[in-house]
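Q: Could you take me through one part of this model in close-up, the nonpolar core, and then follow it out to whatever else is worth a look?

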Amino acid sequence: MTRQTFSRRGVLKSGAATGAGLALPTIFTASSAAAFTNAPTGSSVTLGFNVPQTGAYADEGADELRAFELAVEHLNGGGDGGMLQTFSSQALDGTGILGKKVEFVTGDTQTKSDAARASAQSMIQKDGAIMISGGSSSGVAVAVQGLCQEAGVIFMAGLTHSNDTTGKDRKANGFRHFFNAYMSAAALAPVLQNLYGTDRRAYHLTADYTWGWTQEESIAAATEAMGWQTAEKVRTPLGAGDFSSYIAPVLNSGADVLVLNHYGGDMVNSLTQAVQFGLRERQANGKDFQIVVPLYSELMARGAGQAIKGIPGSQNWDWKLEDAGTKAFVKSFGEKYGFPPSQAAHTCYVQTLLYADAVTRAGDFNPCAVVEALEGYEFDGLGNGPTLYRAEDHQCFKDVVVVKGAENPQDEFHLVEIVEVTPTEQVTYAHDHPMFAGGSLGECNPGA
Amino acid sequence: MDAILIQILNGLDKGSAYALIALGLTLIFGTLGVVNFAHGALFMIGAFCAVTLQKLLTLSVTTIDPERTDFLGNPLKVQTPYVENWFGPEVGGTIVDWAVPLAILLAIPVMLLVGFVMERGLIKHFYKRPHADQILVTFGLAIVLQEIVKYFYGANPIPTPAPDAFRGSLDIGVWLGFDPYAIIYPYWRLVYFFFAGVIIAAVFAFLQFTTFGMVVRAGMADRETVGLLGIDIDRRFTLMFGLAAVVAGLAGVMYTPILSPNYHMGMDFLVLSFVVVVVGGMGSLPGAVLAGFLLGILQSFASMNEVKSLLPGIDQIIIYLVAIVILLTRPRGLMGRRGVMEE
């Protein structure tokens, strides 16, 4: 039998621990003394960068982190200032955000929704992050956006291309600078018509998750509108590796175009294998067989090697654009890291500046003030020409870059060449367009 | 008919990879009694031997071309591979082009060494431990190995093309009386299928027709008795671990033009290869090979649109469904031996 003893010090310790424990569940509303979650009280403000540091998109995540680091450096007055010099707003002066030094924490999404939510939650709860950004997958972006809405912090999405992010899953606290599947299709369709005519039969291989579904729906609708037929739509598991058993049926399907709604490693493998199966050398319906990859990236082009030559696709941005903002960013990034930035890096850098600018213009870190400052905001000088953050769905509207794989690249940084820059008007759609229906922003949540 | 033939061909090359990995797994299990979850990582390391050789062969001397500029507007640094400087552009270019087949020469000693270090340094300490411990430690080792590879090579797939002579595809359909382009099959996949056949035949011949192989087979059947005869069976089993590592490594080297290597590729093949081993019968080498090809072909058939329209999602579960059916009807697998993994 044991005899319990109580001391005054023990009771005080236990009481303090119990009090802290009871207070813990109210973490999202712990700043009730302040008006919103994680209101900065000291001389610094913390941003949370949630990117894939492991998993199939780790290289893109690494490039995103480089861009975030560069953006923070520029916000705090370091380096050459990058796009701060070309940004139309000029509200940012290199003294941090509202005079507070910008600090950041990072999390690993692992390209998995549950891991991404857990790391974002940790950054909000433990590190006091007031804004979350990053991501290389729409599944992750949708999940983290939902979490940020519940927690009362702003989510500035990184690379996410599904229509759903600013469609059925849009949230008041979430903002997307990156373009989407509809915009890719709208920009790409006229180019495809010029290249391959109006009498084509397309066979879709599609990654079986939110991004793939909306990409397939968008590109099929756009190509059917110009007269193409859709021979087949086949869903492939994410990370299938060997796509040969999905590619072989294309040979006898009557199709003369293969649309690869794949991204990252899946795109590298499916494209490489489609070329190995001789699709690009064969004829179908009396025409040369063609392959289309609606969403491109320089990093993917590097993975696909020679298979990418001549393949058309679309990008949110490309480092070879000639505007002043792009040149300033490429110079800053290139001198710091020794190679040009990817489009994933660009969108993350821009989102960080846009958040800082919105806070500065609002004069307040309150998420609802930031939302108000960003809604309907028009800006320029960040690499995409004049851009609008539309109030109704928090989607940026700007030019889209149509590209194709270079036939004779001069080096590993010139694997993609720009075909045309599609103007904003051509890729703009109504906020209640059927492909984006079923969602609503809801109310801004400050978390208090 | 042509669609069925295409899927059989597809299944053959996928089945070749499964069979080669499962063969190594079975060798290790049959000799050492170890369930080696790091075997997929050996396949991946083999693939990265090809990547490494490709990188070594393209190591370049840098010269400045003042006429051209880089992306920052500075004078362009032109990279010329050393092998092209040493042997001339034509011979040097051919050597670089043949990096994947040449990587076999690199992979054999590397994989032997990796297998030896892995077995002597870690796995031998787990011989007498439960299978669960072996699975945990080898699975952990696999994760460590793939993270090391990711640290040095990144996470994205790295293109490692086949030599120019094997690019393109063969119109098999014309030979069989079908229309042109009805049955197309890439040259390299045919090479892989024949390569797998040669490796499998060599392993069987080695076990069947050499004294060393005879002792190993005897050890697999009755380890204690062979030991009582004064034969150092442990040393031979260590060499068999090395041999299994070489088989997995060579399978990985030659697979790189089919699937651009990434650090995770071993894990993708590992689970399926274990199912192959179980379906073939634990400890049965012919069973592993048979089940490898069988499941590869079945997986290909399950990916046909006609099959998927009848049974959506069947392509994802077919291998596991077959495993369940086989284990229910033949608990020891297709060619399993009595007493293996049985109390």
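A: Since this is a predicted model, take what follows as a reading of the prediction. The largest nonpolar core has 230 residues, and those touching the most other members are Leu258(A), Leu271(A) and Leu23(B). In chain A, domain 1 (44-179 + 319-393 + 431-436) and domain 2 (182-315) both give residues to this core, so the core lies between them. Zoom in on Leu271(A): leaving out residues up to four places away in sequence, Leu271(A) touches Leu260(A), Ile291(A), Val293(A), Ala304(A), Ala307(A) and Ile308(A).

Now for where the chains meet. Here 36 residues of chain B are in contact with 35 residues of chain A. On the chain B side, α1 (2-32), β4 (184-186), α11 (265-280) and α12 (285-302) each supply at least two residues, and α1(B) gives the most, with 6 residues. By type, that side of chain B splits into 18 nonpolar, 14 polar and 4 charged residues.

Back in chain A, have a look at helix α12 (residues 367-374). Of its 8 residues, 6 are buried, so α12(A) is largely enclosed by the rest of the structure. The buried ones are Pro367(A), Cys368(A), Val370(A), Val371(A), Ala373(A) and Leu374(A). Their cover includes β4 (154-157), β5 (174-176), α11 (343-362), β13 (377-379) and β14 (387-389), which belong to chain A as well. After α12(A) comes Gly376(A), with a positive phi near 70°.

Key: Residues numbered from 1 in each chain as written. Chains lettered and ligands numbered in written order. Predicted model: local features only at pLDDT ≥ 70, side-chain atom pairs only at ≥ 80, totals over all residues. Core = buried A, V, L, I, M, F, W, Y, C linked by C-beta atoms within 7 Å. Buried ≥ 20, exposed ≤ 12 C-beta atoms within 10 Å, placed from the backbone. Domains from an automatic or database assignment. Contact = placed C-beta atoms within 7 Å. Helix = DSSP H or I, 4+ residues; strand = E, 2+ residues; numbered from the N terminus. Nonpolar A, V, L, I, M, F, W, Y, C, P; charged D, E, K, R; others polar.
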